[in-house]
Amino acid sequence: MYYFDPHIHMVSRTTDDYETLAKMGCVGMSEPAFWAGFDRGSVESFRDYFRQLTDFEPKRAAQYGIQHYTWLCINAKEAENVELSREVIKMIPEFLEKPNVLGIGEIGLNKNTKNEATIFLEHMELAIEYNQQILIHTPHLADKYQGTRMILDMLIADSRIEPSRVLVDHVEEHTAKQVLDQGFWAGMTLYPVTKCTPQRAADIIEMCGAERLLVNSAGDWGPSKPTAVPDLILEMRRRGHSEALIRKVVYDNPIEFFSQSQNFSFTHPE
Amino acid sequence: MSIPLNSQQVLDREYLEIRGKIVELAASLDRLERAEGCVSDDNRMKLISQGLQILLEQADQTKAGQIQMLFSRVYEDNWRNQFDI
């Protein structure tokens with residue numbers, strides 16, 4: 001089965017991973033900007049990172065028949081540096097017309113602080129000004145519920161935000177329904193220990209339905225599994241779910257969501 | 001949408017996995033007891049104890065959802081006033 005990984009950090013992965021993903025059916029992916037594992041020192045570091053996301057990675061992916069898209073922002077961890085964040089936000093429009101840019105992301109909260117919320121709101125303004133879709137990171141572990149509620153508060157309070165153009169990622173059992181009930185798209189991240197397993201993701205699909213639900217691997221530089229989406233496909237098959245339902249979650253839904261972006265020009269495989 | 005498997009099929013499929021997870025949990029608690037020192041006053045031990053209770057109780061909410069909420073920080077809806085934003 002062909003699939004689309006809507007959230008994977010390929011700058012952290014090897015070219016061998018692209019080959020493996022292609023062999024397992026991955027034909028498209030989107031890569032949100034995120035934390036490098038250390039705080040970057042200047043806006044120029046982000047400019048180089050955005051060049052990597054908009055120039056180098058699409059070429060690397062294309063060698064294996066994978067269509068690569070991306071999202072730009074300064075992540076929530078580095079948003080504690082408000083001055084640097086504002087410099088990065090000011091620079092982002094330089095890249096918004098690059099052909100693989102889908103929108104602003106992954107913005108969000110990390111420890112649910114005032115600075116993080118301030119920069120989240122400023123990213124929202126940027127997205128609204130440039131009519132961009134938004135991809136949102138929700139915090140880990142004990143901070144997830146509180147942070148997700150805060151993010152929903154900020155989104156709902158702004159009538160200019162169209163919920164159907166916003167993806168709230170890393171939902172779990174205690175946050176998925178709230179996100180979906182407000183009309184947003186929700187992403188489940190299959191990630192060891194701190195997020196969701198394929199089995200629990202299948203449970204959430206069974207309990208919430210497949211409408212506006214996506215699943216991703218978030219493969220990055222930490223302990224993670226870039227081939228996690230095929231693990232969900234296998235789990236759903238083992239439970240007896242239809243191929244049509246599985247395809248909706250791993251292929252049709254991401255394409256439907258991304259199709260709202262002016263730069264999304266996905267070519268279906270023959 | 002429900003799970004296509006019936007409960008007997010789920011049990012047949014997952015019994016050994018559930019058994020293995022309970023043994024892992026028991027071994028972790030044994031390890032805590034064998035180690036020097038005492039953590040009984042650590043709030044995380046209280047959370048673990050409450051989590052184990054949830055597994056045995058009948059409730060309207062899912063057990064996974066209740067466990068997630070147990071280990072979550074509290075949300076206060078006036079947070080924007082507190083932050084003055």
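Q: In this predicted model, what places Arg40(A) in a loop?
A: Look at the elements on either side: strand S2 (26-32) and helix H2 (43-62) of chain A, with Arg40(A) in the loop between them.

Q: Which residues is Arg40(A) in contact with, leaving aside neighbours within four places in sequence?
A: With heavy atoms within 4.5 Å as the test, you get Phe34(A), Trp35(A), Ser45(A), Phe46(A), Tyr49(A), Asn75(A), Glu78(A) and Leu84(A).

Q: What makes chain A as compact as a globular protein of its length?
A: First, the make-up: chain A has nine helices and eight strands. The globule rule gives 18 Å for 270 residues and the radius of gyration of chain A is 17 Å, close to that, so chain A is as compact as a globular protein of that length. Its C-alpha atoms fill a box of roughly 50 × 40 × 35 Å along the principal axes.

Q: How much of chain A counts as buried?
A: The figure is 61% of the 270 residues. As for contacts between residues at least 6 apart in sequence, 74% of those in chain A join residues at least 24 apart.

Q: How does the radius of gyration of chain B sit against that of a compact globule of 85 residues?
A: Such a globule would come out near 12 Å, but chain B has 18 Å. The C-alpha trace of chain B spans about 55 × 50 × 20 Å along its principal axes, and buried residues make up 14% of the chain.

Q: How do you know how big the interface between chain B and chain A is?
A: The size of an interface is often given as the accessible area lost when the parts come together. Here chain B and chain A bury about 2300 Å² between them, with 59% of it on carbon and sulfur atoms. On the chain B side, Met1(B), Arg73(B) and Tyr75(B) lose the most area to chain A, together 29% of what that side buries. By contacts, 21 residues of chain B meet 31 residues of chain A.

Q: How far apart are the mean positions of the positive and negative charges in chain A?
A: For 27 positive and 39 negative charges, they are 2 Å apart. In chain B, with 10 positive and 14 negative charges, the mean positions are 4 Å apart.

Terms used
Residues numbered from 1 in each chain as written. Chains lettered and ligands numbered in written order. Predicted model: local features only at pLDDT ≥ 70, side-chain atom pairs only at ≥ 80, totals over all residues. Heavy atoms only, no water. Helix = DSSP H or I, 4+ residues; strand = E, 2+ residues; numbered from the N terminus. Rg over C-alpha atoms; globule rule 2.2 N^0.38 Å. Buried < 20%, exposed > 50% of the residue type's maximum accessible area, 1.4 Å probe, protein only. Lys, Arg positive; Asp, Glu negative; His and termini not counted. Charge placed at Lys NZ, Arg CZ, Asp CG, Glu CD. Buried area = accessible area lost by both parts, 1.4 Å probe.
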